[in-house]
Amino acid sequence: MGNVMEQYTVDQAAKRLGLHVKTVRNYVRDGRLPAVRVGKHYRIAREDLAAFAGLPDDAPEVRRHAEVSSIVQVDGVERRDMDRISTMVMGSLAGQPHGLRVEFVYDEERAHLKVIVLGGLEESAQVLRIIDALVRQ
């Protein structure tokens, strides 16, 4: 027995391809992506979507993920300022699931603080904003 043909809505296809819904709808309307119209909506067969994307028919769902690696160097930082900055940054991360890694490297002789931030774009941006605010104080 064969499986019931799996179909996607335009929204589902857009998510699977990592594209905007309007882009996928335009591909359907101009015939580049085969689809069947059901009432006011389109349905796209899994096989057609896979062929359009150039993926094997059984390929896993495409998910985009972006990460950032940042090194922030702050000069003229005394030990007490480094302690304050590191405590405040790490405290802001406590108890939050984020998959973010933040490390501090301090050279006391040169009064240099380096903050290494590895992780998701939005989470990293939040940490950088916190560092910016603390350094300006």
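Reader: How many bridges join E1 to E3?
Author: This model is predicted: local features need pLDDT of at least 70, side-chain atom pairs count only at pLDDT 80 or more, and totals for chains, interfaces and linings use all residues. Residues are numbered from 1 along each chain as its sequence is written, and side-chain values use heavy atoms, without hydrogens and water. Strands (E, at least two residues) and helices (H or I, at least four) are DSSP runs numbered from the N terminus, and two strands pair if DSSP finds at least two bridges between them. E1 and E3 run antiparallel, and the number of bridges joining them is 2.

Reader: Which residue in E3 is the bridge partner of Gln7?
Author: E1 covers 7-8. Gln7 is bridged to a residue of E3. That partner is Ala45.

Reader: In what order do the strands of this open sheet stand?
Author: The sheet has 3 strands with antiparallel pairing. E1 and E2 (36-38) have a single partner strand each, so one side of each is left without a neighbour in the sheet. That puts both at the edges. The order is E1-E3-E2.

Reader: Which residue of E3 is the bridge partner of Val38?
Author: E2 is joined to E3 (residues 41-45) by 3 bridges, and the two strands run antiparallel. Arg37 stands opposite Tyr42 in E3. For Val38, the partner is His41.

Reader: Which residue in the hairpin of E2 and E3 takes a positive phi?
Author: This hairpin has 2 residues between the strands. The positive phi is near 65°. The residue is Gly39.

Reader: Which residue forms an aromatic pair with Tyr27?
Author: Rings of Phe, Tyr and Trp (its six-membered ring) pair if their centres lie within 6.5 Å; planes under 30 degrees apart count as stacked, over 60 as edge-to-face and the rest as tilted. The count comes to 1 aromatic pair. This pair is tilted, at 5.2 Å centre to centre and 50° between the planes. The partner of Tyr27 is Phe52.

Reader: How many residues apart in sequence are the parts that this pair ties together?
Author: Tyr27 belongs to helix H2 (residues 21-29). Phe52 belongs to helix H3. The pair therefore ties together parts whose separation in sequence, in residues, is 25.

Reader: Which strand stands between E4 and E5 in the other open sheet?
Author: This sheet also has 3 strands, and the pairing is antiparallel. E4 (67-75) and E5 (101-107) are its edge strands, each pairing on one side only. E5 pairs with residues 112-120 over 7 bridges.

Reader: Which residue in E6 is the bridge partner of Val105?
Author: Val105 has its bridge partner in E6. E5 and E6 pair in the antiparallel sense. The partner is Lys114.

Reader: At roughly what angle do the axes of H4 and H5 cross?
Author: Axes are lines fitted to C-alpha atoms, for helices over the stretch in contact, and angles run from 0 to 180 degrees between N-to-C directions. The axes of H4 (residues 79-93) and H5 (residues 121-136) come within 10 Å. The crossing angle makes H4 roughly antiparallel to H5 (angles over 145 degrees count so). The angle is roughly 150°.

Reader: How many nonpolar residues are in the contact of H4 with H5?
Author: Contact means heavy atoms within 4.5 Å. It is made by residues including Ile85 and Met88 of H4 and Ile130 and Leu134 of H5. By class, the contact has 1 polar and 1 charged residues, and the nonpolar number is 9.

How values were computed
Parallel < 35°, antiparallel > 145°, perpendicular 65-115°, else oblique. Nonpolar A, V, L, I, M, F, W, Y, C, P; charged D, E, K, R; others polar.
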